[in-house]
Amino acid sequence: MKFIFYVILVLLLVPLQTTLLPHVSVWNIKPDLGLVAAALTGLFAGELEGLLVGLAIGWVLSLFSAGELWLSLLTNGGVGLLTGFLGRQVSKVTSISLGVGLLLVSLASGLLAAMNFKYLDVSQMWWMVESIVLPQACFDGAVGAGLYWLLSQRFDVTRLRIE
Amino acid sequence: MWMVNSRVSSGARRLAFACFALLVAALFLLPGQIQGLLQYLDGPVGHVVRVPLEAIASIDAGIADRWQQYVVLQGVWEENQQLRKEIEWLRGQNNQLRESATATGRLTTLLQFKEQALPTMVAAQVIGRDATNRYRAIILNKGESDGIKPDMGVITPAGVVGRVVKTTGASSVVLLVTDPNNAIAGLIQRTRDEGIVEGTQQGLAQLKYIPLLSTLRDGDRVVTSGLVGGFPRGLSIGTITHIDKQEGALFQSAELMPEVDVGRVEEVLVIQTSYGQPRKAVVEADLLGKPSP
């Protein structure tokens with residue numbers, strides 16, 4: 001059952017990310033739903049599932065991006081693993097704390113991606129950070145916090161995290 | 001009160017960390033092998049993902065069409081679309097004619113002028129944009145099974161759109177001409193000086209490595225040179241808007257306004273074979289197909 005849920009999640013993420021999200025982008029920046037989904041999976045299901053789902057998301061999304069496969073695998077898989085690990089270290093997760101955590105994680109993965117661009121000099125790197133990486137990190141944090149808040153309103157998130 | 005997630009056993013945790021460490025090591029030590037391994041699965045996965053992707057893309061296009069046709073401006077929109085298509089077509093024609101006129105004078109002086117065959121193209125629809133914000137790319141609804149391969153050029157009747165960089169069985173990713181990672185061999189139509197067209201971070205394009213003695217000026221049109229890459233000669237890339245000539249530099253560069261509005265492109269043509277190639281291919285096919293006398 002869980003496996004089917006994850007397959008549907010991965011399959012639906014592609015059209016959401018590539019077709020629908022460009023309509024709601026702000027200044028041509030859209031949130032990375034793959035990163036948010038990997039983080040929430042890690043938080044609710046633990047490191048192993050977070051890692052595996054993150055890797056699957058990273059791989060499938062990389063098929064529909066000009067970006068490199070290894071970067072997509074590392075960032076999404078790493079985020080699933082990291083949130084699974086961090087989720088166990090904090091006793092209380094709120095929308096705000098999750099949002100801030102996602103912001104930092106997205107910022108780290110964005111910086112890693114920016115450093116991978118070989119043609120960038122310092123000024124171009126700074127431009128990329130302030131006009132793409134930072135707004136996207138804020139967007140990811142806000143979307144993650146919003147999703148978590150919606151889940152916590154609808155379900156008993158404590159139970160979801162423990163069971 | 002929230003409680004700590006204690007569901008995951010320590011064995012699973014260790015396994016997760018071990019898997020990740022193994023993956024990192026494999027990606028850095030054997031990047032080619034890992035990519036090769038995953039490429040076997042790209043085709044089937046691409047076909048599976050294509051189903052929801054095309055379904056949602058067609059719903060999205062349908063809603064956008066209805067909205068524009070019936071809600072916003074009923075009659076004017078259709079007329080406008082027709083006129084835009086006509087303008088695009090005429091621009092392409094105009095550009096081709098101008099290129100032909102320039103070339104004719106030069107080529108007629110050459111004794112060994114050969115007739116050029118038209119390139120073979122495949123029409124495709126844009127069904128999405130790059131999954132990340134870091135690349136300017138579009139996703140097409142045709143892929144390897146339709147004969148599309150990496151490095152093929154992508155155009156509209158107005159001019160160059162970009163280059164195919166990745167394909168699955170049923171889709172392909174096109175890196176736009178405005179992406180800084182893209183490089184296309186260009187030619188200033190009036191002066192015949194060559195350079196390399198690259199995208200800029202601001203979403204425009206620039207022509208680099210122009211000879212210092214070139215007499216280029218604002219408003220000059222830049223076309224494909226046809227020397228390298230998947231584009232034939234003479235396809236419009238953009239118009240020069242600003243020239244950058246620095247003291248002591250070996251080359252000058254120029255900013256370009258791309259001919260195609262890549263943010264709004266919906267249908268494209270993928271160039272499968274450039275000028276000259278089809279004829280050879282046809283001849284070879286004829287030779288192979290015909291029974292020996």
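Modeller: Happy to! Chain A has 163 residues, and 55% of them are buried (under 20% relative accessible area with a 1.4 Å probe, protein chains only). Please keep in mind that this is a predicted model, where local features need pLDDT of at least 70, side-chain atom pairs count only at pLDDT 80 or more, and totals for chains, interfaces and linings use all residues. Residues are numbered from 1 along each chain as its sequence is written, chains are lettered from A and ligands numbered from 1 in the order in which they are written, and side-chain values use heavy atoms, without hydrogens and water.

Chain A contains seven helices and zero strands (DSSP runs, H or I of at least four residues for helices and E of at least two for strands, numbered from the N terminus). Read from the N terminus, its elements go α-α-α-α-α-α-α. The chain exposes about 7300 Å², with 74% of that coming from carbon and sulfur atoms (Shrake-Rupley method, 1.4 Å probe).

Now to your topic. Searching the whole structure gives two cavities of 30 Å³ or more. A cavity here is a set of points on a 1 Å grid over the protein atoms alone where a 1.4 Å probe fits but cannot get out, and lining residues have an atom within 4 Å of a point. Points are joined across faces, edges and corners, and the volume is the space filled by probe spheres set on them.

The largest cavity holds about 240 Å³ of space. It is lined by 20 residues, and those closest to its centre are Asp32(A), Ser72(A), Thr75(A), Thr132(B) and Arg134(B). From chain A, helices H3 (47-62), H4 (69-89), H5 (95-116) and H6 (122-154) each contribute at least two lining residues, and H4(A) contributes the most, with four. By class, this lining has eleven polar, six nonpolar and three charged residues (Ala, Val, Leu, Ile, Met, Phe, Trp, Tyr, Cys and Pro are nonpolar, Asp, Glu, Lys and Arg charged, and the others, Gly among them, polar).

The second largest cavity has a volume of about 30 Å³. From chain A, its lining takes Gln17(A), Lys30(A), Pro31(A), Asp32(A) and Gln136(A); from chain B come Ala131(B), Thr132(B), Asn133(B) and Arg134(B). Those residues divide into four polar, three charged and two nonpolar.

Definitions and conventions: Buried < 20%, exposed > 50% of the residue type's maximum accessible area, 1.4 Å probe, protein only. 1 Å grid on protein atoms, 1.4 Å probe; cavity = no way out; pocket = protein on both sides within 12 Å on 5 of 7 lines; lining within 4 Å.
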